[in-house]
Amino acid sequence: MPGILTTSLVQLTQPSGIKMNAQLFIEEKSARQQQKVITLNKYIEKYPQGWEKRLELADLLFEIGNWQQAVIEYNQVIEQQPQLLDVHLKLGKILQLMGQKKEACKAYDTALFLAKNPGTQYHIKGLIAVCEGDNEKALTAFNLATNLEPDQVFHRLALSQVYQNVENPLGMLRSLEPVLVINPDDVLSLIYSYDALMAVGDIQTAKERFNSLIDLAGDDFRVIQRQIDQRLLARMVSAEEGKITKKMITSLLGTVPHSVEVHKSLAYYHILRGDWAQGVEVLAKFTTESPNHPYGWYYYGWCLFHTGKYQQGAEMMGKAYDLYPQDREIYRGLCEILPLAPHSEKSKTILASIVEEMLTRFPECWSIWTTAGRVLVEHFPEIERGCQVSERGTKLQPGLADTWLRHGQVLILARKHREAVEALKKAWELLPDGGYLQSVPAAFWLGESYRVLKNAKASKRWWEVAAQGCQEFRLFNPAMADYWLGRVMFRLGDKSGAKRAYKGALSQQLLYPVRGEVETILEKLKR
């Protein structure tokens with residue numbers, strides 16, 4: 001039976017030479033494991049040629065997170081038994097996890113030379129492609145391995161991770177469903193599939209899958225983290241529900257004290273209770289204690305941004321970028337924050353560079369193209385290019401509702417309302433029943449485009465659909481549900497209803513920049 005998972009901070013060296021901390025998940029060290037390490041070391045000192053015990057030690061060191069020493073022991077085993085395929089694969093994996101990708105590729109190359117099974121050969125080719133950053137080649141290799149050995153779960157899990165890398169949740173679901181048929185209790189597959197279902201907007205199936213996860217692995221920190229995320233969005237931060245949320249966060253901090261995700265949750269717990277300064281301080285402290293952790297700065301940047309401190313937020317997101325310019329979420333964070341930061345000319349120059357850089361670095365990711373397109377249309381006089389860039393996202397993931405929704409919003413910004421209607425209708429058609437996270441904005445923007453196109457009947461119909469969706473949305477995120485309801489009520493001519501909805505959103509700690517928009521609207525409605 002596997003042990004309890006915990007986190008450890010490991011220092012990795014980037015190709016640029018910058019050292020950063022990464023959060024790695026390992027099994028918790030037990031007294032029994034520590035004693036076994038001591039016993040194995042004593043045996044190897046006495047019998048240094050005993051490679052089997054040395055391999056056992058290397059595996060144990062890998063398991064408990066002592067990776068530097070594990071690499072040394074694996075290399076010693078390879079010197080004595082160079083023909084052992086599994087040892088080269090384990091060495092490659094550990095080097096890959098440590099960020100030493102060139103060394104990992106060398107280990108995998110040797111494993112490929114030793115492998116005789118075609119399925120294994122394709123799997124190793126996929127691992128090499130991942131190390132080299134070639135996602136397309138990795139997908140081809142893992143798909144071939146899966147076709148040859150459809151019952152081998154590890155091929156499908158590797159395939160799903162690459163689909164995750166290229167923002168293809170539909171591909172993830174296709175690769176994971178057979179795994180769950182073979183083993184419906186596979187926790188990792190359930191977690192990945194839950195995340196993918198949320199991404200495609202299939203909220204009902206995602207709920208069912210998550211309930212299975214809670215029943216099966218309710219004490220797994222990854223499951224608890226997702227529960228906390230849901231509770232924070234639902235504003236379960238006061239009274240008895242608030243106590244439960246706080247207890248879950250505190251408990252998780254005890255289990256995974258180095259987890260930046262849990263510190264982020266604690267920060268937003270305070271912010272959503274109205275204690276903004278206390279929430280920001282949580283991540284200020286985390287970045288002070290772990291200055292080389294890029295995601296500490298990433299969440300600190302978002303925290304400042306969401307509390308209206310745009311300039312400081314941009315600075316912190318910039319620090320995350322300096323540490324780890326290989327992360328697409330950091331690029332997208334900069335695209336959101338920089339346009340609202342003061343010193344606009346300097347920020348605009350940086351933003352232009354960031355947009356071009358991320359398009360080159362992440363060409364397979366649809367959200368990068370739609371984000372870049374929006375920035376080009378909204379903040380630069382590049383309307384036509386921005387629309388073309390955004391459209392590229394729909395070609396990368398034509399079956400995903402979110403791509404069409406984001407592209408439709410870009411077209412609205414570009415005042416291309418007829419094209420926007422077509423894109424938004426496509427998004428609507430692709431949404432599963434109950435996909436209200438995307439259906440509310442899709443219906444609202446359809447109403448907006450029809451309004452501009454002078455089709456009052458169609459615009460009213462879509463705004464009424466959006467208003468109905470807000471009731472379902474409220475269960476997931478009541479603050480944003482009230483925000484959208486306020487916009488809808490205003491368009492339907494119910495100004496008092498709009499004011500009530502907007503005030504409801506503010507009372508539930510609606511965050512900036514949307515909060516600033518609502519405050520401005522309420523000031524105008526007073527007149």
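A: First, the ground rules. This is a predicted model, with residues numbered from 1 along each chain as its sequence is written. Local features need pLDDT of at least 70, side-chain atom pairs count only at pLDDT 80 or more, totals for chains, interfaces and linings use all residues, and side-chain values use heavy atoms, leaving out hydrogens and water.

Now the aromatics. A search of the whole structure finds 18 aromatic pairs. One of them joins Trp 297 and Tyr 300.

Helices here are DSSP runs (H or I, at least four residues), as strands are (E, at least two), numbered from the N terminus. Trp 297 is buried at 11% relative accessible area. Tyr 300 is buried too, at 11%. Buried means under 20% relative accessible area, exposed means over 50%, and partly exposed lies in between (1.4 Å probe, protein chains only).

What does Tyr 300 touch beyond its sequence neighbours? Leaving out residues up to four places away in sequence, Tyr 300 contacts Val 280, Leu 283, Ala 284, Thr 287 and Met 316. Contact means heavy atoms within 4.5 Å. Tyr 300 and Glu 315 are 15 residues apart along the chain, and their C-alpha atoms are separated by 9.8 Å.

There is also an aromatic cluster. Its members are Tyr 295, Tyr 298, Tyr 299, Trp 302, Phe 305, Tyr 310 and Tyr 324.

Next, helix packing. Helix α18 (residues 328-337) packs with helix α20 (residues 366-379) at an angle of about 15°, their axes 11 Å apart. Axes are lines fitted to C-alpha atoms, for helices over the stretch in contact, and angles run from 0 to 180 degrees between N-to-C directions. At that angle, α18 and α20 are therefore roughly parallel. The cut-offs are under 35 degrees for roughly parallel, over 145 for roughly antiparallel and 65 to 115 for roughly perpendicular, with the rest oblique. The α18 and α20 crossing is left-handed. That label means the near helix is turned anticlockwise from the far one by less than a right angle; clockwise gives right-handed.

Which residues meet here? From α18 come Arg 328, Arg 332, Cys 335 and Glu 336; from α20 come Ser 367, Ile 368, Thr 371, Arg 374 and Val 375. By class, the α18 contact with α20 has three nonpolar, two polar and four charged residues. Ala, Val, Leu, Ile, Met, Phe, Trp, Tyr, Cys and Pro count as nonpolar, Asp, Glu, Lys and Arg as charged, and the others, Gly among them, as polar.

Helix α20 also holds Thr 370. Thr 370 is buried at 3% relative accessibility. Its contacts, apart from residues up to four places away in sequence, are Ser 390, Gly 393, Thr 403, Arg 406, His 407 and Val 410.

The axes of α2 (residues 51-64) and α3 (residues 67-80) come within 8 Å and cross at roughly 155°. That makes the two helices, α2 and α3, roughly antiparallel. Their crossing is left-handed. Among the contact residues are Trp 51, Leu 55 and Phe 62 of α2, with Trp 67, Tyr 74 and Val 77 of α3. The α2 contact with α3 has 10 nonpolar, three polar and three charged residues.

Ser 193 counts as buried at 0% relative accessibility. Ser 193 touches Leu 173, Leu 176, Leu 180 and Arg 209, not counting residues up to four places away in sequence.

Last, the backbone. A cis peptide bond links Tyr 512 and Pro 513, with omega about 5°. Pro 513 lies in the loop between α27 (495-507) and α28 (514-526). Gln 509 is found in the loop between α27 and α28 as well. Gln 509 has a positive phi near 60°, though it is not glycine. Gln 509 is buried at 15% relative accessibility. Glu 167, also not a glycine, has a positive phi of about 55°. Glu 167 lies in the loop between α8 (153-165) and α9 (169-182). At 11% relative accessibility, Glu 167 is buried.

Technical notes. Phe/Tyr/Trp six-rings, centres within 6.5 Å; stacked < 30°, edge-to-face > 60°.
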